[in-house]
Amino acid sequence: MTVSRVVRGRPDVGAASRGKVLAAVQRLGYIPNPAARQLVTRTPAHGREERIIGAIFSREVVTAHSYFAGIIQGIADEARHWDGHLLFGYGLGESTESLEYPKMLRDMVTRWIILVGKVSPSFVRQLRANGFSLVLVDMRPPVRDVDAVVCDDAVGAYEATRHLVKLGHTKVALIRGPARHPFFSALMSGYRRALTEARLPLRDSLVAEAAASPQGGYDAAEALLTRPIRPTAIFTNDDMGIGALRAIHERGLRVPQDVAVVGYDDIEYAAHTTPPLTTVAVPKEVMGRLAVRKAIAQMEQAEDHVFSTTVVAHTLVIRSSCGAGAAAPPRPHTGRRKS
């Protein structure tokens, strides 16, 4: 009751007690949310508590690549299945200032939140300290008492790289985004493991870092194709792979005969490139649906809920860009650029 009086600005609290409460509020980052307290306890006429779920998207979800579209669709479809209501917030990232959190939290007006994409661990901790129940999608939990739905991207990258090695490639390049990003760190880990297992050298000259976009993939592929040791295969994510395909074509090279390309994510456009892109398919809509089911389970099970991380299975989708299939292409060669 004393805490409640202080956070509501009531005058009937002693100075010493008020000081202690305010110090704890500041230390924990507590943010009063009266609208949420009203909504999470509201019961409609038919007697069942309303299912109101907040979905917060990281900055990369709304500004970067199309991978997350399937996750968002899965969240929306599953919420509709459970007669749930979705409230959206967006734009949070690793660089988001903590001063931006209060408005985001107040706007959620619910206790159950799905976080999509990579957000700062401090944001996750602050949400938990404020009593929110969380489901993370595409991010490993930095604390124990949250649910998560992820794909093992390191294993997916290992299988994609191993596939290229089995096709006879010994000079496999990796195009990645920022090294500090968990996803691209996972791709690097799987790529390195596959080459090490095949006893192939890990060449720094065959790893290129660029912006995680088609233009970034184009720029990185341009650089790789002009280096003394030219790759005969490139592994990257789909968005960057689309740019890499353009760079290869513009240099007069053939895919997959001269340079094979394998992507990651299986975005919608991957099947419509020239040639169609071999890729690691991540079940994006399934991830979104599972996240909603975990949020519903948190609501229904309350204190009995057991938090867990679900790892979804990926699939290597073989298309024409890697050279596998009924008609095997000629062996890769390292000839000069064609005029």
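His181 touches Glu60 and Lys118, leaving aside residues up to four places away in sequence. The model is a predicted one. His181 sits in the loop between strand E6 (172-176) and helix H9 (182-197). With a relative accessible area of 18%, His181 is buried, because buried means under 20%.

**The chain as a whole**

- Twelve helices and twelve strands form the secondary structure of the chain.
- The chain has 339 residues, and 48% of them are buried.
- The accessible surface of the chain comes to about 16,200 Å², and carbon and sulfur atoms account for 53% of that surface.
- Of the contacts between residues at least 6 apart in sequence, 70% join residues at least 24 apart.

**Helices H5 and H12**

- Two packed helices are described by the distance between their axes and by the angle between those axes.
- The axes of helix H5 (residues 68-81) and helix H12 (residues 284-301) come within 6 Å of each other, and they cross at roughly 40 degrees.
- H5 and H12 are therefore oblique to each other, since angles under 35 degrees would count as roughly parallel and those from 65 to 115 as roughly perpendicular.
- The crossing in which H5 passes H12 is right-handed.
- On the H5 side, the contact is made by Gly70, Ile71, Gln73, Gly74, Ile75, Asp77, Glu78 and Ala79.
- On the H12 side, Lys284, Glu285, Met287, Gly288, Arg289, Val292 and Arg293 take part.
- The residues of this contact between H5 and H12 comprise five nonpolar, four polar and six charged ones.

Key
Residues are numbered from 1 along each chain as its sequence is written. This is a predicted model: local features need pLDDT of at least 70, side-chain atom pairs count only at pLDDT 80 or more; totals for chains, interfaces and linings use all residues. Side-chain values use heavy atoms; hydrogens and water are left out. Axes are lines fitted to C-alpha atoms, for helices over the stretch in contact, and angles run from 0 to 180 degrees between N-to-C directions. Helices (H or I, at least four residues) and strands (E, at least two) are DSSP runs, numbered from the N terminus. Angles under 35 degrees count as roughly parallel, over 145 as roughly antiparallel, 65 to 115 as roughly perpendicular and the rest as oblique. A crossing is left-handed if the near helix is turned anticlockwise from the far one by less than a right angle, and right-handed if clockwise. Contact means heavy atoms within 4.5 Å. Ala, Val, Leu, Ile, Met, Phe, Trp, Tyr, Cys and Pro count as nonpolar, Asp, Glu, Lys and Arg as charged, and the others, Gly among them, as polar. Buried means under 20% relative accessible area, exposed over 50%, partly exposed in between (1.4 Å probe, protein chains only). Accessible areas come from the Shrake-Rupley method with a 1.4 Å probe; for residues, only the protein chains shown count as cover.
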